[in-house]
Amino acid sequence: MLRRAWKPLAATTVLIGTPSYLYYTFTKQQTFDLAVKVRGADGKPVMANRTFSLLTTNAVKDRLIENASSDSFSRPDSTVWRYATASVAANDPLEDAHADAIIARDPSDPSAPGDWLFFTVMDGHGGPHTSRLLSKTLINAVVLELSSLIHSSDVPKSGLLEKLKLIFRTSSPKSREDPQNPEKISLAIRNAFTKLDQELINAPLSVLAANLDAESIKKNILPDLSKHPLALQTMLPAVSGSCALMAVFDTAHRHLYVACSGDSRAVAGIWEENEQGQGSWRVEVLSEDQTGRNPNELKRIQSEHPPDEAGSVIRAGRVLGGLEPSRAFGDARYKWPRDVQDVLNRAFLVGNDQPLRPPPSSFKTPPYVTATPVVTHRDFDFGSSHFVVLATDGLWDKLSSEDVVALVGGHLKGLKGVVSKTALPGLVPTTSGAPTVEGKDKKRNNSTGSWSFEDENVSSHLIRNAFGGGDAEGLRKLMSIPAPIARSYRDDTTVTVIWWEDGQEGNAKTVTFSSDNIKAKL
């Protein structure tokens, strides 16, 4: 009896036990070892092996799309605009930011109809405070400056004197200068960046001035404002920093403006066909990386300081040997005089246990950093095949401008699967237009290996290929390294891709924006 009962019990054990063993085998957390820099017993940095959990393929995909979004909208001229954005962090929290806005022209505007399209990426450093503030204010600042420019000449002069001038004029009247010509628009964008940074840098000084009474000034007493509600709110965006890259599309005039302050980069892909009907993507770099390794930036900075500082303003490609971008918002350590830094540090930061680092030793004649951007203008045919990529330097550390145009071109073509790097040029030919001015001392080796075409979001697609592409295991390892160690192997990376197409095409799926999407008129 007992023996007969044993057989079904044994069978049950096998049925239950085997799947349990397989489940344990296939779900056991995989790990990998990595040599990282740590502090030894004597306080000096040494290399030591550390073990980290390895993300699954699905977990990697989740991280690539965690901060990804895409949208599209159609306009009365049948153009369908599409854009996609994605961010992947190396820091915790993420120090990058981005913003966008679509603003319809006011019907009273002589250039109407048409839209202003704004897209920005911000690359923060020293914390997320500056980039987050810019994501809420930079587009608004530019819109305000453009609106002032466009409407400043709306009201013509009138009165008896003006009428007499018209009666007795002996020469033909001069035509009114168009306030929306590219030179004036570019200047307005430059001014908006510069003014916003001045407000950001001066905000703590305004708070301090408002809290100094006559008695304190007379006795030279500095108040402790560390608990003031605006203490950290104004100081942190000023002392951290952020690069900013903006693309402004003026669809009424078919103009594109790119404003760059820092080492983020904008690149365009332009489809061209020859007489035989064979096409290729022309790579047009729309901005220069602004670091001390850019000869134009080096010359500019040296010209702004005394000759005896020519050898110290840029060291190892960095401002005063420290800050890599030569243009940025915030970074008050490179802008405020020493005595101002000392006063604001004692008034706002010491009491919060967040003291300001002293300026570099070669700091003599500030400011050394500016937020004033380089603004470039191009005529654009919005009826043909183009795309524009805006990305923080985390992408360009890993991929060249040519790589990015080929990868976006392949994505738009519908490529799927893994493609060897040697095969992609035959599938997605590219040609050279405006060259890249590299701001980094980076040596990429993208001639071997493979690319991966599997992400629906084209910006996530670019980040995947920057961090490993077809090398699935390499991608998993790089994405598995936690902050802050990850920062030694990759940077925060934010990418926005904008493209447009003829809405009459059969495969063009349009999503029309509601009134909530098209914002207040300019």
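Guide: Start at a turn. The hairpin of β3 and β4 has 4 residues between its strands, and there Ser78 takes a positive phi near 75°. Keep in mind that this is a predicted model.

β3 and β4 (residues 79–88) run antiparallel and are joined by 6 bridges. Phe73 has Trp81 of β4 as its bridge partner. Ser69 has Thr85 of β4 as its bridge partner.

Cross to the other neighbour of β4. Strand β19 (residues 493–502) pairs with β4 over 10 bridges, again in the antiparallel sense. Here Ala84 stands opposite Val497 of β19.

Next, the whole sheet. Its 7 strands follow the order β3-β4-β19-β15-β9-β10-β17. The sheet is open, and its pairing is mixed. β3 (69–74) and β17 (430–432) are the edge strands, each pairing on one side only. Ignoring direction, neighbouring strands in this sheet are turned by 20° against each other on average.

Back to β4, and to its side chains. In a regular strand, side chains alternate between the two faces of the sheet. Both faces of β4 are covered. On one side, Thr79, Trp81, Tyr83, Thr85 and Ser87 are buried. On the other, Val80, Arg82, Ala84, Ala86 and Val88 are buried. That makes 10 of the 10 residues of β4 buried, so the strand is largely enclosed by the rest of the structure.

Two of those residues lead on to the aromatic side chains. Trp81 and Tyr83 belong to a cluster linked by ring pairs, together with Phe119, Phe249, Phe380 and Trp500. The whole structure holds 12 aromatic pairs. One of them is Trp116 with Phe118, a stacked pair with 6.5 Å centre to centre and 20° between the planes. Trp116 and Phe118 are both buried.

The ring centres of Phe119 and Phe249 are 6.1 Å apart. Their planes stand at 85°, so this pair is edge-to-face. Phe119 lies in strand β6 (residues 115–125), while Phe249 lies in strand β7 (residues 241–250). The pair therefore ties together parts that are 130 residues apart in sequence. Phe119 and Phe249 are both buried.

One more ring deserves a look, this time with a charge. The charged end of Lys421 sits over the ring of Trp451, 4.3 Å from the ring centre.

Last, the cysteines. A disulfide is a covalent bond between the sulfur atoms of two cysteines. The count here comes to 0 disulfides. Take Cys243, which is in no disulfide. Its nearest cysteine sulfur is that of Cys260, 7.6 Å away. Seen from the other end, the closest cysteine sulfur to that of Cys260 is in Cys243. At 7.6 Å, the sulfurs are too far apart for a bond, because the cut-off requires them to lie within 2.5 Å. Cys243 is buried, with a relative accessible area of 1%. Cys260 is buried too, with a relative accessible area of 2%.

Notes: Residues numbered from 1 in each chain as written. Predicted model: local features only at pLDDT ≥ 70, side-chain atom pairs only at ≥ 80, totals over all residues. Heavy atoms only, no water. Pairing = 2+ DSSP bridges. Helix = DSSP H or I, 4+ residues; strand = E, 2+ residues; numbered from the N terminus. Axes fitted to C-alpha atoms, helices over the stretch in contact; angles between N-to-C directions. Buried < 20%, exposed > 50% of the residue type's maximum accessible area, 1.4 Å probe, protein only. Phe/Tyr/Trp six-rings, centres within 6.5 Å; stacked < 30°, edge-to-face > 60°. Lys NZ or Arg CZ within 6 Å of the ring centre and 35° of its normal.
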